[in-house]
Amino acid sequence: MGSKVAVAAHFERWRETRGILLSFARSIQERDIVTYEHSRRVATYAHRMARYLGWSRRKSHDLALAAVVHDLGKTWIANDILN
């Protein structure tokens, strides 16, 4: 029974983390659509490469999710500095 509880807890943490990362991705989209589209392309490439390398669907999806937010820090820098 303890094993099922641990798995459920792990899955719940993963769902929460995924939700937070998706919120960050939405904030990137709202702030700068060009950066967001770039991040989406990076995520697609990362996912495809991971699958090509034999990663599981779950791991390759996690990598893609991380790739979507790889430029998150740019959203906190003023456009006149970035451009």
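Modeller: Happy to. A word on confidence to begin with: pLDDT is the predictor's confidence in each residue, from 0 to 100. This is a predicted model, and the mean pLDDT of its chain is 90, with 98% of the residues at 70 or more.

Biologist: Nice. Which element has the lowest mean pLDDT, and which the highest?

Modeller: Helix α4, residues 79-82, has the lowest at 80, while α2 has the highest at 96.

Biologist: And in general, what should I keep in mind where pLDDT is low?

Modeller: Predicted coordinates should not be read in detail there.

Biologist: Where does Met 49 lie?

Modeller: Met 49 is part of helix α2, which spans residues 33-52.

Biologist: Is Met 49 buried or exposed?

Modeller: Exposed, because its relative accessibility is 55% and the cut-off for exposed is over 50%.

Biologist: How far is Met 49 from Ser 60?

Modeller: Their C-alpha atoms are 8.3 Å apart, and the two residues are eleven apart along the chain.

Biologist: Switching to aromatics: how many aromatic pairs turn up in the whole structure?

Modeller: A search of the whole structure gives one aromatic pair.

Biologist: And what sits over the ring of Trp 14?

Modeller: That would be the charged end of Arg 58, at 4.1 Å from the centre of the Trp 14 ring.

Biologist: Great, thanks for the tour!

Conventions: Residues are numbered from 1 along each chain as its sequence is written. This is a predicted model: local features need pLDDT of at least 70, side-chain atom pairs count only at pLDDT 80 or more; totals for chains, interfaces and linings use all residues. Side-chain values use heavy atoms; hydrogens and water are left out. Helices (H or I, at least four residues) and strands (E, at least two) are DSSP runs, numbered from the N terminus. Buried means under 20% relative accessible area, exposed over 50%, partly exposed in between (1.4 Å probe, protein chains only). Rings of Phe, Tyr and Trp (its six-membered ring) pair if their centres lie within 6.5 Å; planes under 30 degrees apart count as stacked, over 60 as edge-to-face and the rest as tilted. A charge sits over a ring if NZ of Lys or CZ of Arg is within 6 Å of the ring centre and within 35 degrees of the ring normal.
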